[in-house]
Amino acid sequence: MDFKTAAQLSTYLSKDYAEEFFTLLVNYQDISASEAASRLSLHIRTAQDFLDGLAELGIVEKIEVHEKKRPYFRYNLRTNKISMEVDLGEFGKEDPGQGLSRLVREKPHAGANFAIARSGDLFSSVTIWEGEGRERKERKISLTTPQGKFLFHLPFPQSKPLTIANIMQKAEVEETYSTEIQDIVEELVRLEVIEFV
């Protein structure tokens, strides 16, 4: 299951009325949104949204039925088990071998403020101002120790750029921290504090 689907499913499972709703779905052959709403003391729109969401996820089947009145939908449970397995590996950064060869340095006139940690050999945070005029907001990013050491050795705007790997070596940051280094580099590139050269 991909992360987006798992997040949608979690949203439905976390509703206060979810357990009661599933009890109805398990015990009834099929049910309409209005029947479920009246049984659970919910607004019909709430019940409709819940059932439609489960139908999109393939947990219930949505069937259009015709009676004397206008057509409406009935829902029946398609499965008695819901399994959720999410592969968090999909969020992995670039292969360290490729990502670490990129040349970087601080961007000229970035206007970011790097706060030095008490030890004096690394940064503890970086503060950036986003937006313009009255809409300008301060954003402070707390750094992990490896990130703080890395940024402490980042070349200045006028200096020759270095590869991420070279800076890590200079900062004595082990390669096992490469993905979190890449993450902060990419975020600071997005915020125009660092530049790829």
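**Figure 1. Overall dimensions of the predicted chain.** The radius of gyration of the protein chain is 26 Å, whereas a compact globule of 197 residues would come out near 16 Å. That radius is taken over C-alpha atoms, and the globule rule is 2.2 Å times the number of residues to the power 0.38. Along its principal axes, the C-alpha trace spans about 80 × 40 × 30 Å. The chain holds 8 helices and 9 strands; these are DSSP runs numbered from the N terminus, with helices being H or I over at least four residues and strands being E over at least two. Of the 197 residues, 36% count as buried (buried is under 20% relative accessible area, exposed is over 50%, partly exposed is in between, using a 1.4 Å probe and protein chains only). Take the contacts between residues at least 6 apart in sequence: 56% of them join residues at least 24 apart, where contact means heavy atoms within 4.5 Å. This is a predicted model, in which local features need pLDDT of at least 70 and side-chain atom pairs count only at pLDDT 80 or more, while totals for chains, interfaces and linings use all residues. Residues are numbered from 1 along each chain as its sequence is written, and side-chain values use heavy atoms, with hydrogens and water left out.

Figure 2. Helix α2 covers residues 18–27, and its buried residues are A18, F21, F22, L24 and L25. They sit on the same side of α2 because they cover an arc of only 155° around the axis (the arc is that of the directions from the helix axis to the C-beta atoms). The buried residues pack against quite a list of elements: α1 (3–13), β1 (31–32), α3 (33–40), α4 (44–56), β2 (60–65) and β3 (72–77).

Figure 3. Two strands count as paired if DSSP finds at least two bridges between them; β1 and β3 have 2 bridges, in the antiparallel sense. In one of these close-ups, I31 has Y75 in β3 as its bridge partner.

**Figure 4. L42 in the loop between α3 and α4.** L42 has its place in the loop that links α3 and α4. Although L42 and Y17 are 25 residues apart in sequence, their C-alpha atoms are 8.7 Å apart in space. Neighbours within four places in sequence aside, L42 is in contact with Y17, F21 and A37.

Figure 5. Another 3 strands form an open antiparallel sheet, in the order β5-β6-β7. β5 (113–116) and β7 are the edge strands, each pairing on one side only. From one strand to the next, the twist averages 20°. Strands β6 (residues 123–130) and β7 (residues 137–142) pair in the antiparallel sense over 6 bridges, with I128 opposite R139 and E130 opposite K137. Helix α8 packs on this sheet, touching β6 and β7, and its direction makes about 165° with that of β7. The hairpin formed by β6 and β7 has 6 residues between the strands, and G131 in the turn has a positive phi of about 90°.

**Figure 6. Q147 reaching towards E180.** Q147 belongs to helix α6 (residues 145–152) and is buried, at a relative accessible area of 6%. Its side chain reaches the backbone oxygen of E180 at 3.0 Å. Setting aside neighbours within four places in sequence, the contacts of Q147 are S142, E180, I181 and I184.

**Figure 7. Two glutamates with positive phi.** Most residues other than glycine have a negative phi. E172 is not a glycine, yet its phi is positive, about 60°. This residue lies in the loop between α7 (164–170) and α8 (178–190) and counts as exposed, at 69% relative accessibility. E192 likewise has a positive phi, near 60°, and is found in the loop between α8 and β9 (194–196).

Definitions and conventions: Polar contact = N/O pair within 3.5 Å; in protein donor to acceptor, adjacent residues only side chain to side chain. Axes fitted to C-alpha atoms, helices over the stretch in contact; angles between N-to-C directions.
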